[in-house]
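Please examine the sequence and the three-dimensional model shown below. The paragraphs that follow lead through its sheet, its helices, its backbone geometry and its pockets in turn.

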Amino acid sequence: MNRRNFIEKSAAAAAMIGFPTIVPASVFGKNAPSNRVTVGLIGTGRQGFGQNLQGADLETISARVPGLLEIPEAQILAVCDVDSWRMAQAKQVVETHYSKSKPGGAYKGCSEHQDFREIIARKDIDAVMISTPDYWHVPMAMMAARAKKHVSCEKPLSMSVHQGRDLVEAIKKYGIVNRTDSEFRSVRPQNHAVELVRNGRIGQLQKVEITFPSDPDPVPSQADMPVPKELNYDLWLGPMPYVPYTDMRVHTPFDLKKRPNWMRVDTYAQGMISNWGAHYFDMAQWANNSEYSGPVEVEGSGEFPKSLWNSMINFQVSYRYANGVEMTCQQTPTSKPGIRYTGSEGWIYVEGFPGAITAGNPAILNSKPTSSELDLSKTLWDKADFIEAVRNNRKTLEPLEVGHRTISISQIGLIACQTGQKLKWNPEKELFDGNNAANALLAAPLARKEWVL
């Protein structure tokens, strides 16, 4: 078989089975473009442009979280955003980075797309990184799955339990590699605590106590504003109802560092119980070896501001698992993030992010896992894990099923606070036992029918 026929047949076969168009390193070299997983970045805001594209330094633990640009086995071919200014910043960063490895010092191979469906339709893109507002995650990931694109999707994964389950079933149907994009599993202080708990260093796990960071004061209703010329506001709204534009509902124009305002509006996100819950509930589930299940009981209370920023704040929620483990979470006006694991023989606490780990018995922090125990010390960073999983057709460290189970805990906790009732949860059926009113809140119907999948 000559070189041209080999390349054509490899590409055709990859297109048929939905795996990346990768040519062996013996043809072009280890990091040649044809040997890379091609990626479309959907969403170039604070998270997409920052950590997902460029990576970040975690100075307190002397670690570097590599972004997609720093992974030699990945090639970003396209960026997408409804904000043209943000998209242009991402394109410039991509092309500047790749230009460094070009003999002539110039690279112009990154395209811009305002409509994410154009990226999904491209035959030359193997995988997508979805870094959009939360309410867009499931529609975009569903479309990508149907197009046989491998999917890494930002957390929180969904806006409802039913929505998350629909996405997981679609992922199974189309057989794509998938990952919930959360860096906590790769950060050593966080996964070290899980490792120690799972390996019995504090005895039998009994309780997990989580504290979420505080929120700023809610913003009241705002006057209507003209839509910025760089923003396709209709496409930003997408499946959600039309409301007049204000930047306090969307994001601060020409700024890639501020936390976006939509994160505090319950139409588009579910507040801190979901935002940080996607991290801490994941760690708790992992430590409890229940990442494919969930608790059996939940109750809680919280405040629901009557303002533009109306996501739940200042809450207290408690959960119980079938194995007897209790989990609590709370947010106050002055709270800071942390997670404490208490067992029959001690405790471990991880404060903040990336995290400072302490233990009732400091000696256990230096204990090494035996050959038969869980060892997470060499865990790949999130983006590298996704790309390697695509290349090797393997399961990622945090599949969408795990991300769905994690965010379901946030969602049933929110429902418990909304109803003010102690609720019995069936993690197998993903339903509340004997409570039709609570079950009615498990779905988040899309308001604009053209986006219903």
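Predicted model: local features only at pLDDT ≥ 70, side-chain atom pairs only at ≥ 80, totals over all residues.

**A guided reading of the model**

Strands β16 and β17 pair in the antiparallel sense, with 2 bridges between them. Within the pair, Trp 425 is placed opposite Phe 432 of β17. The two strands make a hairpin in which 4 residues lie between them, and Glu 430, in the turn, has a positive phi of about 55°. On the side of β10, strand β16 (residues 423-426) has another antiparallel pairing, for 2 bridges join it to β10 (residues 297-303). Here Glu 297 stands opposite Lys 424 of β16.

In general, the strands of a sheet are paired by backbone hydrogen bonds, in either a parallel or an antiparallel manner. The sheet to be considered next is open and has 9 strands, in the order β15-β14-β13-β9-β12-β11-β10-β16-β17, with mixed pairing. Which strands stand at its edges? They are β15 (356-359) and β17 (431-432); each has a single partner strand, so one side of each has no neighbour in the sheet.

At the β15 end, β14 (residues 346-351) pairs with β15 in the antiparallel sense over 4 bridges. One of the residues involved is Tyr 349, whose bridge partner in β15 is Thr 358. Helix α8 (residues 188-198) packs on this sheet, where it touches β9 (205-211), β13 (338-343), β14 and β15. The direction of α8 makes about 165° with that of β14. The loop between β14 and β15 contains Pro 354, and the peptide bond that leads from Phe 353 to Pro 354 is cis, with omega near 5°.

A parallel pairing is found between β7 (residues 150-154) and β8, which are joined by 4 bridges. In this pair, Ser 152 stands opposite Arg 179 of β8.

As a general rule, most peptide bonds are trans, and most residues other than glycine have a negative phi. In the loop between α6 and β7 lies Lys 148, a residue other than glycine whose phi is positive, near 65°. In the loop between β7 and α7 lies Pro 156; the peptide bond from Lys 155 to Pro 156 is cis, with omega near -10°.

Phe 254 also has a positive phi, of about 55°, although it is not a glycine. This residue is located in the loop between α9 and α10 (272-275). Phe 254 counts as exposed because its relative accessibility is 53%, and the cut-off for that class is over 50%.

Helix α12 (residues 382-392) is largely enclosed by the rest of the structure, because 8 of its 11 residues are buried. Among them are Phe 386, Ile 387 and Val 390, together with the charged residues Asp 382, Lys 383 and Asp 385. Just after α12, Asn 393 takes a positive phi of about 50°.

The largest pocket has a volume of about 800 Å³. It is lined by 38 residues, and those closest to its centre are Arg 46, Gln 47, Pro 260, Trp 262 and Met 263. Helices α3 (46-54), α6 (137-146) and α9 (233-237) are the elements that give two or more residues to this lining, and α3 gives the most, with 4 residues. By class, the lining of the largest pocket comprises 17 nonpolar, 13 polar and 8 charged residues.

The second largest pocket holds about 450 Å³ of space. Of the 23 residues that line it, Met 159, Asp 266, Gln 270, Gln 418 and Ala 444 lie nearest its centre. At least two residues of the lining come from each of α7 (161-174) and α13 (400-419). Helix α13 provides the largest share, 4 residues. The lining of the second largest pocket divides into 14 nonpolar, 8 polar and 1 charged residues.

Note on methods. Residues numbered from 1 in each chain as written. Heavy atoms only, no water. 1 Å grid on protein atoms, 1.4 Å probe; cavity = no way out; pocket = protein on both sides within 12 Å on 5 of 7 lines; lining within 4 Å. Points joined across faces, edges and corners; volume = space filled by probe spheres on them. Buried < 20%, exposed > 50% of the residue type's maximum accessible area, 1.4 Å probe, protein only. Pairing = 2+ DSSP bridges. Contact = heavy atoms within 4.5 Å. Axes fitted to C-alpha atoms, helices over the stretch in contact; angles between N-to-C directions.
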